[in-house]
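Subject: Structure handover

Hello,

Please find the structure below. My notes on what was found in it follow.

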Amino acid sequence: MEKQPEALRLAESISRMDTLTEYQRSEILRAADELRRLHDVNQELLEVLVSFTKSSYIKHEHPKRLAKAIAAIAKAEAR
């Protein structure tokens, strides 16, 4: 079974928190929603970055950028 991404785990965890005030509850739910949104954006950017690394033009003309992209992918996929 694949481990749940940390952002989604945190979003789920804080959504369940019991808080003292309605304002705190509202802020916690907003934070959880933002974590989920950022996770989705990150997944989209990662997909684009992976496709970028498959470009023969990038491989031949921009090896330094390719290396940075590969490092960023590895960092994003490290869980």
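**Helix α1 and its buried side**

In α1, the buried residues are Ala 11, Ile 14 and Ser 15. They sit on the same side of α1, because they cover an arc of only 105° around the axis. The arc is that of the directions from the helix axis to the C-beta atoms. Buried means under 20% relative accessible area, exposed means over 50%, and partly exposed is in between (1.4 Å probe, protein chains only). Helices here are DSSP runs (H or I, at least four residues), strands are runs of E (at least two), and numbering starts from the N terminus.

A word on the source. This is a predicted model, where local features need pLDDT of at least 70 and side-chain atom pairs count only at pLDDT 80 or more, while totals for chains, interfaces and linings use all residues. Residues are numbered from 1 along each chain as its sequence is written, and side-chain values use heavy atoms, with hydrogens and water left out.

Back to α1. Its buried residues pack against α2. Ser 15 belongs to this helix, which spans residues 6-15. Ser 15 counts as buried because its relative accessibility is 15%. Its side chain reaches the backbone oxygen of Ala 11 at 2.7 Å. That is a polar contact (a pair of N or O atoms within 3.5 Å; within protein, one must be able to donate a hydrogen and the other to accept it, and residues adjacent in sequence count only if both atoms are side-chain atoms). Which residues does Ser 15 contact, leaving aside its neighbours within four places in sequence? They are Arg 25, Ile 28, Leu 29, Ala 32 and Arg 36. Contact means heavy atoms within 4.5 Å.

**Helix α2**

α2 covers residues 22-53. It has 32 residues and reaches 47 Å from its first C-alpha to its last. That is close to the 46 Å expected at 1.5 Å a residue. The expected span is 1.5 Å times one less than the number of residues in the helix. Five residues are listed as buried in α2: Ile 28, Ala 32, His 39, Leu 46 and Thr 53. Their cover includes α1, α3 and α4.

Take Thr 53, in α2. It counts as buried because its relative accessibility is 12%. A polar atom of its side chain lies 2.6 Å from the backbone oxygen of Val 50. Not counting residues up to four places away in sequence, Thr 53 touches Lys 59, Leu 66, Ala 69, Ile 70 and Ile 73.

Val 50 is also found in α2. Val 50 is partly exposed, with a relative accessible area of 26%.

**Helix α4**

α4 runs over residues 63-77, which makes 15 residues. It reaches 21 Å from its first C-alpha to its last, close to the 21 Å expected. Leu 66, Ala 69 and Ile 73 are buried in α4. They lie on the same side of the helix, because their arc around the axis is only 60°. Their cover includes α2 and α3 (56-61). On the other side of α4, Lys 64, Lys 68 and Lys 75 are exposed.

**The whole chain**

The protein chain has four helices and zero strands. Along the sequence the pattern is α-α-α-α. The radius of gyration is 18 Å, well over the 12 Å that the globule rule gives for 79 residues, so the chain is more spread out than a compact globule. The radius is taken over C-alpha atoms, and the rule is 2.2 Å times the number of residues to the power 0.38. The C-alpha atoms fill a box of roughly 60 × 25 × 15 Å, taken along the principal axes.

Of the 79 residues, 16% count as buried. Among contacts between residues at least 6 apart in sequence, 36% join residues at least 24 apart. The accessible surface comes to about 6400 Å², and 57% of it belongs to carbon and sulfur atoms. Accessible areas come from the Shrake-Rupley method with a 1.4 Å probe; for residues, only the protein chains shown count as cover.

Best regards
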